[in-house]
Amino acid sequence: MNFFGAFTFGVKTFLPGFVWLAILIVGEDKIGPNLALSSIWKFAIAQPTLALGLALPVATLLGLLSNIVVFMGPLDSLVRDPVLEQDEKLRELCAHLSGCLLDRCWSSGSFQRPDLREEFDSKIDPELLLIEKIGVATVDHIREGYWYHLEFQLNLLLSLVGVMIVTLFYVVESPAPTTSLLILLMTPLVGVYLLKSARKNFARYMAKRASLIAAVLSSDKMKAVAGKR
């Protein structure tokens, strides 16, 4: 069992989910009376043991829902596309190396359908080809070292949107919203930092992935040269 992988999965899922849970509790406590809703905060005070027992699964569920939202659009629009558009050389390098690996796989296989080559290139995942060559552990190390951090940063970034929305209620309704204003000003700065970190992590992940493909291609080439001697 990969305990490190389980730990990182728990962190990237639970912590943003816990932030969302806090947002729901604080937000409901502020706007709940206007909507005739029962107070979650009062329930937590009255039933602390039950509330604590429910907090973990609810926070995990909220984290999973946040992760689904991230993969539905923000991951591409905020991280993948901007990084690949900005770093054209990295995009070209990754595409070229992936194409070389696919060419090597197609040439070495017994494929009798040339008309399926385009479908082969679009559907076969070079990363799965890497697993066959270098093993799951190495590929997982790259994923856990960068990908899980990227997901955590985006999930937390998404939850900051909720923090800003709830804080706005306190700024509007409080006669002296000093703390709320400070939170409202600091939240976008934290969001910008998280977004920059996520993009940097994705660029590193792509570079590491390209390095693995290059290592596999060069290793196969050296073996072929050695076999001719």
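Helix H4 has a kink of about 30° at Arg80, shortly before the proline Pro82. The model is a predicted one. The protein chain holds nine helices and zero strands. Of its 229 residues, 32% count as buried. A search of the whole structure finds seven salt bridges and one aromatic pair.

**Helix H4**

- H4 covers residues 74-86, which makes 13 residues.
- At 1.5 Å a residue, H4 should span 18 Å; the C-alpha atoms at its ends are 17 Å apart, so the two values agree.
- The kink of about 30° sits at Arg80, and Arg80 also takes part in a salt bridge with Asp76.
- The N to O distance in that salt bridge is 3.1 Å.
- Both partners belong to H4 and lie four residues apart, about one turn of the helix.
- Side chains of opposite charge can pair when their charged atoms come close.
- Asp76 has 32% relative accessibility and counts as partly exposed.
- The buried residues of H4 include Leu75, Val79, Pro82 and Val83.

- Leu78 is placed in helix H4 and counts as partly exposed at 32% relative accessibility.
- The C-alpha atom of Leu78 is 9.0 Å from that of Ala198, although the two residues are 120 residues apart along the chain.
- Leu84 is also found in helix H4. Its relative accessible area is 22%, and Leu84 is partly exposed.
- Leu84 and Arg199 are 115 residues apart along the chain, with 9.7 Å between their C-alpha atoms.

**Helix H3**

- H3 has 25 residues and covers residues 48-72.
- From first C-alpha to last, H3 reaches 35 Å, close to the 36 Å expected at 1.5 Å a residue.
- H3 bends by about 30° at Ala55, and the proline Pro57 follows within four residues.
- Buried residues in H3 include Ala51, Ala59, Leu62, Gly63, Ser66, Asn67 and Val70.
- Which residues make the nonpolar surface patch? Leu61, Leu65, Ile68 and Met72 make it, and its area is about 440 Å².
- Leu65 lies in helix H3. With a relative accessible area of 44%, Leu65 is partly exposed. Patch residues need over 30%, so Leu65 at 44% passes that cut-off.

**The aromatic pair**

- The search of the whole structure finds one aromatic pair. Trp106 and Phe120 form this pair, with 5.0 Å centre to centre and 65° between the planes.
- The pair is edge-to-face, because planes over 60 degrees apart are classed that way.
- Trp106 is in helix H5 (residues 88-108) and Phe120 in helix H6 (residues 117-123). The two are 14 residues apart, and the pair links distant parts of the chain.
- Are these two residues buried or exposed? Both Trp106 and Phe120 are buried.

**Other salt bridges**

- Arg113 forms a salt bridge with Asp115, and their closest N and O atoms are 2.8 Å apart. Arg113 counts as partly exposed at 44% relative accessibility.
- Asp125 and Arg209 meet through their side chains in a salt bridge of 3.8 Å, N to O.
- Asp125 lies in the loop between H6 and helix H7 (126-134), and Arg209 lies in helix H9 (residues 178-228), so the pair ties together parts that are 84 residues apart in sequence.
- Asp125 is partly exposed at 34% relative accessibility, whereas Arg209 is buried with a relative accessible area of 15%.
- Salt bridges with shared partners also join Asp103, Arg117 and Asp121 into one network.

Terms used. Residues numbered from 1 in each chain as written. Predicted model: local features only at pLDDT ≥ 70, side-chain atom pairs only at ≥ 80, totals over all residues. Heavy atoms only, no water. Phe/Tyr/Trp six-rings, centres within 6.5 Å; stacked < 30°, edge-to-face > 60°. Buried < 20%, exposed > 50% of the residue type's maximum accessible area, 1.4 Å probe, protein only. Patch = residues over 30% accessible without salt bridge, like charges linked within 9 Å, V, L, I, M, F, W, Y side chains within 5 Å. Areas by Shrake-Rupley, 256 points an atom, 1.4 Å probe, with all protein chains shown as cover. Salt bridge = Lys/Arg side-chain N within 4 Å of Asp/Glu carboxyl O. Expected span 1.5 Å × (residues − 1). Bend = angle between axes of the 7 residues up to and from the residue.
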